[in-house]
Amino acid sequence: MQLTIWTYEGPPHVGAMRVATGMTDVHYVLHAPQGDTYADLLFTMIERRDHRPPVTYTTFQAQDLGGDTAGLVKEAVRAAWERFRPQAMLVGASCTAELIQDDPGGLAATLDLPIPVVPLELPAYQRKENWGASETFYQLVRAMALPHAPPPGTERATVRERCEAEGRRPTCNLLGATALGFRHRDDVTEVTRLLEALGVEVRLVAPMHSSPNDLAGMGEADFNVVLYPEIGGQAATWLERTFRQPSVRTVPIGIGATRDFVREVAAVAGLDEEASLAIVDRKLPSRLPWWSRSVDSTYLTDKRVFIFGDATHAVAAARVAREELGFQVVGLGCYNREFAREVRTAAKAIGIEPLITDDYLEVEDAIREAAPELVLGTQMERHIAKRLGLFCTVISAPVHVQDFPARYSPQMGPEGANVIFDSWVHPLMMGLEEHLLGMFQDDFEFANDRGPSHLHSEAPPAAPTVAPAPVVATPPLMAADATAVADAAAHPAASPGDSQAAIPAAAVATAATVASPEGAPGSASDNGPTWAAEAEQELKKIPFFVRGKVRRNTEAFASERDISAITVDVMYDAKAHFGNR
């Protein structure tokens with residue numbers, strides 16, 4: 001275990017809660033101490049759901065540990081059944097309760113409830129949230145659908161043969177969407193719309209929006225669509241093996257992946273591939289392909305991008321960045337080690353080393369080293385990018401409240417490509433504007449203290465002259481006075497008689513020292529090179545999102561050569577040095 005202030009995934013029982021909260025008519029009894037009830041806030045405050053998770057906690061306390069905690073489990077399960085009357089019940093333990101080893105699933109089975117009771121064995125100290133969601137969904141599907149499975153070895157007709165024999169459209173199940181998932185609600189809507197355009201009926205969405213009784217009939221659909229492999233992949237594999245149901249596993253994030261998804265659906269459902277693609281292009285157009293072909297897109301060609309998140313979204317983002325937006329992927333990684341193989345394969349195709357870690361400090365170091373212009377990641381990468389002065393767009397869970405928008409904002413399908421187009425391109429385009437404003441802020445015509453250039457006669461009024469104050473003995477400069485004095489030092493007087501003359505030179509020097517932290521213009525680290533004024537002005541012309549790297553490289557270049565003062569010539573020598581590497 002590791003003590004940390006941030007984790008990309010919660011314990012596996014949070015994954016089980018995500019499955020239960022997304023479903024209907026299921027209840028989860030969680031053997032947990034009083035403090036573990038915090039998880040409710042993830043759904044009500046972060047996702048902004050209108051109801052709390054269907055979870056009953058045993059909420060044992062310290063004084064209960066010396067008594068019969070097993071009795072608390074039985075009492076909680078019995079009370080939950082009598083109050084909620086669900087179609088099925090999940091029973092498990094939190095990471096803390098796991099240490100007690102009460103076996104809540106076995107205890108619940110002794111009550112002989114008239115509904116399926118699914119025991120959850122979720123090893124909290126070896127596994128994490130996504131695995132917990134996948135295992136919970138798999139156990140539910142197996143418990144509810146297995147009684148309806150055909151005998152082993154039974155052959156299944158193709159989708160086209162089944163549809164022609166029964167005179168109907170192809171049907172499918174959408175697997176993997178849960179509560180607290182990144183844009184899961186809107187992705188389900190968008191993919192359903194896409195499949196309906198192709199003539200495929202979505203029979204069931206699971207676990208989101210489904211009930212345990214719905215899961216019992218999953219085998220009746222012609223095929224399954226795995227939207228989120230981290231959660232739905234294991235259940236889909238079991239359905240393939242048990243019901244001989246084929247699966248579509250292409251995740252339709254981006255235009256290229258969406259077209260591949262349509263091709264795979266057409267192949268599985270027995271549809272005409274070219275006709276299906278033409279239908280999507282006509283009925284569900286996206287603006288991303290147009291922009292990628294336009295001259296405007298060349299402004300952002302080869303922009304450096306660092307990608308980190310769950311494996312599904314990270315790999316999809318890398319493809320969109322390279323193939324559809326022309327970005328240069330300089331970093332790619334994921335935090336869920338169960339899917340590290342997919343990320344390694346994608347990174348190898350790009351020619352970079354993958355980053356497989358759940359330590360956000362390693363991710364921050366990798367981002368700093370790669371010096372990207374855009375970061376695509378989770379909520380933590382948003383914080384990291386802010387500290388490093390970089391742009392960031394969130395593409396993967398874990399996320400905060402701003403990434404559960406009330407508006408329609410999918411990541412999948414044609415409309416998802418539009419959302420990606422906006423959310424990835426806008427920060428870089430606004431960055432170009434901010435760079436231009438920074439370049440011209442010191443221009444005589446565009447300076448902040450100048451009036452409009454077409455109203456030359458309306459110059460700003462001159463500052464009033466203030467009578468000089470008598471010079472008196474000044475005590476040592478206090479910290480509270482530093483800001484005021486530094487401000488006065490930064491704004492020279494309009495005339496020799498201004499009040500600036502009343503500030504002793506020693507005080508101004510002291511204020512300048514206090515007000516100029518390391519890394520500020522004109523400053524340098526201890527025993528490091530100093531920056532000449534003209535070099536600082538030249539540095540301001542460099543786009544702000546790479547200015548920090550240029551400063552560091554130039555100072556390193558100067559330090560290696562014992563150059564004490566950085567001039568414009570030194571800057572260009574450093575540029576040539578690093579450019580030839």
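**Close-up views of a predicted model**

**View 1. Arg48 in the loop between helix H2 and strand S2.** Arg48 is found in the loop that runs between helix H2 (40-46) and strand S2 (55-57), where helices (H or I, at least four residues) and strands (E, at least two) are DSSP runs numbered from the N terminus. The phi of Arg48 is near 60 degrees, a positive value in a residue other than glycine, and at 46% relative accessibility Arg48 counts as partly exposed, that is, between buried (under 20% relative accessible area) and exposed (over 50%), with a 1.4 Å probe and protein chains only. This is a predicted model in which local features need pLDDT of at least 70 and side-chain atom pairs count only at pLDDT 80 or more, while totals for chains, interfaces and linings use all residues. Residues are numbered from 1 along each chain as its sequence is written, and side-chain values use heavy atoms, with hydrogens and water left out.

**View 2. Thr59, between S2 and helix H3.** Thr59, in the loop between S2 and helix H3 (69-84), has a positive phi of about 45 degrees although it is not a glycine. Thr59 counts as partly exposed because its relative accessibility is 30%.

**View 3. Two cis peptide bonds.** Most residues other than glycine have a negative phi, and most peptide bonds are trans. The bond from Ala206 to Pro207 is cis, with omega near 0 degrees, and Pro207 lies in strand S6 (residues 201-207). A cis peptide bond also joins Ala397 and Pro398, with omega about 5 degrees; Pro398 is found in the loop between strand S13 (391-394) and helix H17 (413-440).

**View 4. Trp424 and the largest nonpolar core.** The largest nonpolar core has 65 residues, and Trp424 is among those with the most contacts inside it, as are Leu174 and Phe327; such a core is a set of buried Ala, Val, Leu, Ile, Met, Phe, Trp, Tyr and Cys residues joined through side-chain atoms within 4.5 Å. The largest share of this core, seven residues, comes from helix H13 (residues 311-324). Leaving aside neighbours within four places in sequence, Trp424 is in contact (heavy atoms within 4.5 Å) with residues including Ala317, Val320, Ala321 and Ile395.

**View 5. The lining of the largest cavity.** The residues lining the largest cavity include His313, Ala317, Gln411 and Trp424, a cavity being a set of points on a 1 Å grid over the protein atoms alone where a 1.4 Å probe fits but cannot get out, and lining residues having an atom within 4 Å of a point. H13 gives the most to this lining, with three residues.

How values were computed
On a 1 Å grid over the protein atoms alone, a cavity is a set of points where a 1.4 Å probe fits but cannot get out, and a pocket is an open set with protein on both sides within 12 Å along at least five of seven lines; lining residues have an atom within 4 Å of a point.
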